[in-house]
Amino acid sequence: MSDRHLRTSALALAAGLLLLAQACGTNTGTTELNAAMGEPAQSPEPELDPMAGAPVVGSCYSMSRTQSVSTTNTRKPVSDCYEKHNTLTYHVGLFKAGTTSSDYAVVTKQCKKHLPEATGLSKGRLLGSVLDWIWFEPTTAQWSAGARWFRCDLVAESGDKLKLLPETSRTTDLFADGLEDPYARCIRRGPDTNDDGEDDAIYVTCDKPHGYRWAGWFEAPVGKSAKYPTDAQFEKFANANCGRIAGTDSWWVTWPLEAWWRDGERRLSCYKFTSS
């Protein structure tokens with residue numbers, strides 16, 4: 001028998017083994033055929049984990065202001081929220097399947113949506129607080145492992161510094177019993193630094209000396225597509241609403257920055273005069 005006939009018979013036998021394995025519902029035939037042909041067996045692809053490295057909702061952290069504005073955070077949480085901390089993870093969401101980079105529009109929508117539940121405050125009442133949210137995305141290694149989560153953390157920020165959050169076992173409705181002065185928004189008069197003839201507003205928490213306390217808000221009576229109003233227009237809106245909201249003839253008004261206006265923010269805040 002010739003060498004050529006032997007090689008042909010070997011290939012026919014390998015093909016027969018492959019058909020038999022397929023008929024029995026297994027995939028071992030491919031490996032056997034690869035071995036018969038002298039090819040290395042293929043390793044299965046590792047399964048990707050969309051929650052790789054994801055934090056746990058309800059975890060509390062202690063971090064610096066610089067760390068809080070980073071895109072990622074690898075600090076370990078404190079042992080429990082009775083320890084001193086200045087951030088609280090209140091929501092972990094997922095980007096859609098196939099995502100390989102963060103989507104800020106999705107983050108903003110979800111972090112804002114879940115903030116009232118985390119704080120126990122309405123969206124309007126949040127305006128009168130120094131409570132806000134920050135977010136983090138997976139590290140490069142976590143993205144490579146298939147992660148596509150994002151994390152929303154509650155913070156209290158005043159004077160470009162993070163304040164300590166209440167030490168409690170609560171992970172939702174943190175301020176449902178009331179917003180205490182260290183987290184409430186007030187204003188004290190500052191010097192006129194832009195030569196517009198008006199004192200500047202210096203935002204402080206209400207446990208600090210202040211002249212005005214947040215009283216409520218109203219929405220600018222304009223359409224969603226309206227251009228950014230002039231100062232005179234904002235003042236006209238305020239004159240028609242803030243006296244009623246503040247319950248006094250002496251009040252202060254603040255309105256959204258132009259960038260916020262472009263993002264759809266239309267709320268103005270009214271502050272009532274206090275003797276504090």
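Cysteine 186 and cysteine 206 are both buried, meaning under 20% relative accessible area with a 1.4 Å probe and protein chains only. They're joined by a disulfide with an S to S distance of 1.9 Å, where a disulfide is a pair of cysteine sulfur atoms within 2.5 Å. The link is right-handed, with 100° about the S-S bond.

This is a predicted model, with local features needing pLDDT of at least 70, side-chain atom pairs counting only at pLDDT 80 or more, and totals for chains, interfaces and linings using all residues. Residues are numbered from 1 along each chain as its sequence is written, and side-chain values use heavy atoms, leaving out hydrogens and water.

## The other links

The count comes to four disulfides, and in sequence order the bonded cysteines pair 1-2, 3-4, 5-6, 7-8. One of them connects cysteine 111 and cysteine 152, with sulfur atoms 2.0 Å apart. That link is left-handed, at -80° about the S-S bond, and both cysteine 111 and cysteine 152 are buried.

Cysteine 242 and cysteine 270 form another, at 2.1 Å from S to S. Its torsion is about -75°, so this disulfide is left-handed. Cysteine 242 has a relative accessible area of 0%, and cysteine 270 is likewise buried at 0%.

## Serine 250

Serine 250, at 30% relative accessibility, is partly exposed (between the buried limit of 20% and the exposed limit of 50%). Beyond its neighbours within four places in sequence, serine 250 contacts Tyr212, Tyr271, Lys272 and Phe273, with contact meaning heavy atoms within 4.5 Å.
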